[in-house]
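The exercises below ask the reader to work through a two-chain model, one step at a time. Each task is followed by its worked solution.

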Amino acid sequence: MAISVDAPEESADLCRKAGYTYTFLSDPNAEVIRRYDLLHPGAGVNAHDIARPAEFLLDSSGIVRWVNLTEDLRVRATLEDMLKAAKSSH
Amino acid sequence: MRKLRWNWFAWAGFLLSILAFVSYFTVLVRFPATRDVPWANFLLFGAAALFLLAGLKRAFTGLGSLGGKFVSSALALLSISILGVFCFVVFRATRQLPASHGAPTVGQKAPDFTLRDTRGNLVSLSTLLSSSPETASSGAATQGVLLIFYRGYW
């Protein structure tokens with residue numbers, strides 16, 4: 001499941017173009033992003049507040065099993081990282 | 001002996017520098033192997049440097065004209081600037097991320113939330129997590145949720 005400040009329509013566009021089938025949620029006022037302390041103030045277009053990239057793997061009871069808070073925009077978790085984390089947490 | 005008008009060493013070096021810069025953002029950034037450490041781009045910059053050095057050597061030895069010296073020096077300086085901007089973007093600009101001390105850590109419960117999905121339906125984390133009964137009956141219990149925060153596309 002992915003979260004950004006994009007409007008639902010923008011995320012729908014993205015999913016259509018990229019073929020993503022998982023859930024995309026819209027957090028236009030960055031409320032959840034703030035609750036998770038992931039706000040990157042003024043980093044978006046027109047100095048909008050947006051989310052810094054972050055990935056969390058939660059187990060079925062909502063406990064964080066793996067987290068990736070990159071320190072470099074360029075360097076994100078790979079699919080392999082996430083699959084490995086998912087396997088080792090079960 | 002016919003004197004070449006174009007110092008193609010210097011021009012090739014300059015064009016290679018541009019290629020080294022542009023290829024990262026257009027192509028190589030898509031693949032983790034060339035994205036995380038931009039080694040391919042530094043190889044290209046290295047090749048550019050060799051051509052530029054050959055071009056400078058040609059301009060400043062023997063038959064080199066004053067114009068040739070100026071052009072090859074300017075191309076070398078421009079290329080160094082391109083390398084400088086590249087290093088700045090890759091090693092500094094993309095690391096200007098705020099620290100996140102309050103984010104949930106391993107072992108903590110992720111705070112619940114409710115947001116709208118692409119169809120405008122409200123979706124909450126807790127219902128996603130407890131949606132296992134339906135999937136469990138089909139043989140695959142919900143094993144959890146991968147939560148991805150991303151910057152957005154605008």
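**Exercise 1.** In what order do the seven strands of the open sheet follow one another, and what is the pairing?

Solution. Before starting, note that this is a predicted model, in which local features need pLDDT of at least 70 and side-chain atom pairs count only at pLDDT 80 or more, whereas totals for chains, interfaces and linings use all residues. Residues are numbered from 1 along each chain as its sequence is written, and chains are lettered from A and ligands numbered from 1 in the order in which they are written. Helices (H or I, at least four residues) and strands (E, at least two) are DSSP runs, numbered from the N terminus, and two strands pair if DSSP finds at least two bridges between them. The order is then E6(A)-E5(A)-E3(B)-E1(A)-E2(A)-E1(B)-E2(B), with mixed pairing. Strand E6 (64–68) of chain A and strand E2 (122–124) of chain B are the edge strands, each pairing on one side only. From one strand to the next the twist averages 30°, where axes are lines fitted to C-alpha atoms, for helices over the stretch in contact, and angles run from 0 to 180 degrees between N-to-C directions.

**Exercise 2.** Describe how strands of chain A are joined to strands of chain B.

Solution. Begin with strand E1 (residues 2–4) of chain A, which two bridges join to strand E3 (residues 145–149) of chain B, the two running parallel; here Ile3(A) has Phe149(B) as its bridge partner. Turn next to E2(A), which is joined to E1(B) by two bridges, this time antiparallel, with Asp117(B) as the bridge partner of Leu25(A).

**Exercise 3.** Which strands does helix H3 (residues 79–88) of chain A lie across?

Solution. H3(A) lies across strand E5 (54–58) and E6 of chain A together with E3 of chain B, and its direction runs at about 25° to E5(A).

**Exercise 4.** How many residues of chain A are in contact with chain B, and which element gives the most to that side?

Solution. Taking two residues as in contact if their C-beta atoms, placed from the backbone, lie within 7 Å, one finds 52 residues of chain A in contact with 45 residues of chain B. H1(A) gives the most to the side of chain A that touches chain B, with six residues. That side divides into 30 nonpolar, 10 polar and 12 charged residues, where Ala, Val, Leu, Ile, Met, Phe, Trp, Tyr, Cys and Pro count as nonpolar, Asp, Glu, Lys and Arg as charged, and the others, Gly among them, as polar.
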